[in-house]
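User: I'd like to go through the labels used for this model and see what stands behind each one. Could you take me through them?

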Amino acid sequence: MAKENKIRNSFANKTWQEIKVKDSWQIFKIMSEFVDGFEKLAKIGPCVSIFGSARTADENKYYEMTVEIARLLAEKGYGVISGGGPGIMEAANKGAYNAGGKSVGLNIDLPFEQFHNKYIDRDKLLEFNYFFVRKVMFMKYSQGYIVMPGGFGTMDELFEAITLIQTGKIARFPIVLVGTAYWSGLIAWIKNTMLTEKNISEEDLNLYRLVDTAEDAVEHIFRFYDKYLLKPNF
């Protein structure tokens with residue numbers, strides 16, 4: 001019923017004054033989220049974002065692998081950014097937190113669904129109402145992306161990163177997909193359908209790396225930055 005009312009309300013006629021007032025206040029709310037995010041994240045230093053499902057149970061092999069990936073990143077000096085919620089996001093923050101690294105959570109306010117996990121540094125927890133603001137923070141303040149198995153939200157974040165790199169809007173940071181069994185179907189479709197239809201170019205297939213272990217995932221990140229003689233500065 002609530003969903004039906006939401007649809008009906010979206011079609012309801014509104015006066016110009018109602019539109020003007022609502023949109024104006026929304027702009028200020030959006031600006032405040034950007035300002036808060038920029039101020040907090042700019043101070044943290046080099047970070048790697050880890051994406052993945054909120055529904056992954058803690059006994060799942062990908063949960064355990066994410067904890068290990070985050071631990072290895074933290075020990076090397078990288079901060080770890082997650083979506084702040086449960087599942088893979090919790091695993092990412094847990095690995096960084098337990099290793100004494102910087103554990104960042106970009107939590108999204110979702111009704112009846114997401115709550116922030118307990119492994120986020122208290123001064124590095126940000127709460128967002130708007131997905132697009134949150135995605136800007138992921139892209140602007142990450143020097144690499146590790147993508148664990150996930151659902152629509154994970155796909156959204158993955159293809160956002162690939163698109164921004166493909167179009168030159170951000171630097172060509174490493175993107176690592178973890179889990180051949182999970183991602184192979186998507187990768188095959190990209191090659192056999194998307195590439196065949198000439199909707200992408202052959203070189204776009206090099207924008208990501210597919211691996212199966214925590215060690216290989218972080219090694220790709222480390223090797224990329226060793227090549228450019230870049231190191232975390234904290």
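This is a predicted model: local features need pLDDT of at least 70, side-chain atom pairs count only at pLDDT 80 or more; totals for chains, interfaces and linings use all residues.

User: How many aromatic pairs does a search of the whole structure find?

Analyst: The search finds 12 aromatic pairs.

User: Why is the pair of Y182 and W183 called edge-to-face?

Analyst: Rings of Phe, Tyr and Trp (its six-membered ring) pair if their centres lie within 6.5 Å; planes under 30 degrees apart count as stacked, over 60 as edge-to-face and the rest as tilted. The centres of Y182 and W183 are 5.2 Å apart and the planes stand at 80 degrees, so this pair is edge-to-face. F224 and Y225 also form an edge-to-face pair, with 4.9 Å centre to centre and 80 degrees between the planes.

User: What makes W183 buried?

Analyst: Buried means under 20% relative accessible area, exposed over 50%, and partly exposed in between (1.4 Å probe, protein chains only). W183 has 0%, so W183 is buried, whereas Y182 has 39% and therefore counts as partly exposed. F224 and Y225 are both buried.

User: How do you know that H220 counts as buried?

Analyst: Its relative accessibility is 13%, so H220 counts as buried. H220 is placed in helix α8 (residues 214-227); helices (H or I, at least four residues) and strands (E, at least two) are DSSP runs, numbered from the N terminus. Neighbours within four places in sequence aside, H220 is in contact (heavy atoms within 4.5 Å) with P174, V176 and R209.

User: How do you know that the span of helix α6 agrees with what it should be?

Analyst: The expected span of a helix is 1.5 Å times one less than its number of residues. For the 15 residues of α6 (residues 152-166) that gives 21 Å, and the end C-alpha atoms are 21 Å apart, so the two agree.

User: Which residues of α6 are buried, and what puts them on the same side?

Analyst: The buried ones are T154, E157, L158, A161, I162, L164 and I165. They cover an arc (taken from the directions from the helix axis to the C-beta atoms) of only 165 degrees, which puts them on the same side of α6. Their packing partners include β1 (47-51) and α7 (180-195).

Notes:
Residues are numbered from 1 along each chain as its sequence is written. Side-chain values use heavy atoms; hydrogens and water are left out.
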